[in-house]
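Hi,

Here's the structure I promised to send over.

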Amino acid sequence: MLTLWRGLSLQVLRKAVSEAGFWEKTQIMRPDDANVAGNVHGGTILKMIEEAGAIISTRHCNSQNGERCVAALARVERTDFLSPMCIGEVAHVSAEITYTSKHSVEVQVNVMSENILTGTKKLTNKATLWYVPLSLKNVDKVLEVPPVVYSRQEQEEEGRKRYEAQKLERMETKWRNGDIVQPVLNPEPNTVSYSQSSLIHLVGPSDCTLHGFVHGGVTMKLMDEVAGIVAARHCKTNIVTASVDAINFHDKIRKGCVITISGRMTFTSNKSMEIEVLVDADPVVDNLQKRYRAASAFFTYVSLSQEGKPLPVPQLVPETEDEKRRFEEGKGRYLQMKAKRQGHAEPQA
């Protein structure tokens, strides 16, 4: 069974459940899950979310007789970090399959935090993830997904609309795949170059699935770490992940690859920072394959005081034409999400 987890100390796994389309995990948050202020890293939460989604979707895709497979993460829709989680609290992660197309599975994951001293629980995250089943015999072969039974016809129609929307958005992100982050000597404070950061990681067996490809949760955790470094360098305060825009996985990352995770600030409002993170994979043991873009996303961070109160963010100073263009694009995304939160969708241009 694929309910195997790495680093299980201080964890309780609850397998389970009355329905095949539902799964739940409980885990206590430890010091190495959090930053210096005691807030659990957004990347840690994203990794738990992805592991839950991978288990339930893999289980579903193998629920009928046929060729065996493992579900691979293709996309994570926008997720907001609704409230912080702290060391010592218990995370309750639940996953449910909400839609299936011919070759993909939509999974809804909720994360609740529990103060085990008071019993108080609160919703910290809601996320929607899309998976595709890859054959264990041929990693490039995408298998068909067993259909789910909907209690209402409207559920299937609503799911089909979400499927078509995410498919279109994934196509729209591919034009950015040639964009790279270049280092700059002696950058000025508050500029893009001043805070941009990169992390280089050699993909090992513990990072990978049965196929020998990187877990989506491992990639997301590394992306959040880089985005956090960019945010901290920019504002020099305690920072926390506020939200993650859609994360698109453009291609698989094989064991033995060297991956470069690069982050740069694209936009600042009065109290938030948008950071673009790009993941490039270099198959160093394969001379026939060139370096390629594996994943990309936008992270939003906020700056906090020692008391946990939001602080003003130093305003970003874009210098080049590309930086100014990205700033305006980020501003558009910020205003659009602000309008959605206020219940007034932006009119179509």
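Below is what I found in it.

It's a predicted model, so local features need pLDDT of at least 70 and side-chain atom pairs count only at pLDDT 80 or more, while totals for chains, interfaces and linings use all residues. Residues are numbered from 1 along each chain as its sequence is written, and side-chain values use heavy atoms, with hydrogens and water left out.

13 of its 13 residues are buried, so E13 is largely enclosed by the rest of the structure; buried means under 20% relative accessible area with a 1.4 Å probe, protein chains only.

Then the largest nonpolar core, with 74 residues: buried Ala, Val, Leu, Ile, Met, Phe, Trp, Tyr and Cys joined through side-chain atoms within 4.5 Å. Met 223 is among those with the most contacts inside it. Leaving aside residues up to four places away in sequence, Met 223 touches Ile 247, Val 279, Ala 295 and Phe 299, among others (contact is heavy atoms within 4.5 Å).

One for you: is Arg 75 buried or exposed? Buried, at 1% relative accessible area. Arg 75 sits in strand E3 (69-76), and its side chain makes a polar contact with that of Glu 169 at 2.3 Å (N or O atoms within 3.5 Å; within protein, one able to donate a hydrogen and the other to accept it, and sequence neighbours count only if both atoms are side-chain atoms).

Cheers

Note on methods. Buried < 20%, exposed > 50% of the residue type's maximum accessible area, 1.4 Å probe, protein only. Helix = DSSP H or I, 4+ residues; strand = E, 2+ residues; numbered from the N terminus.
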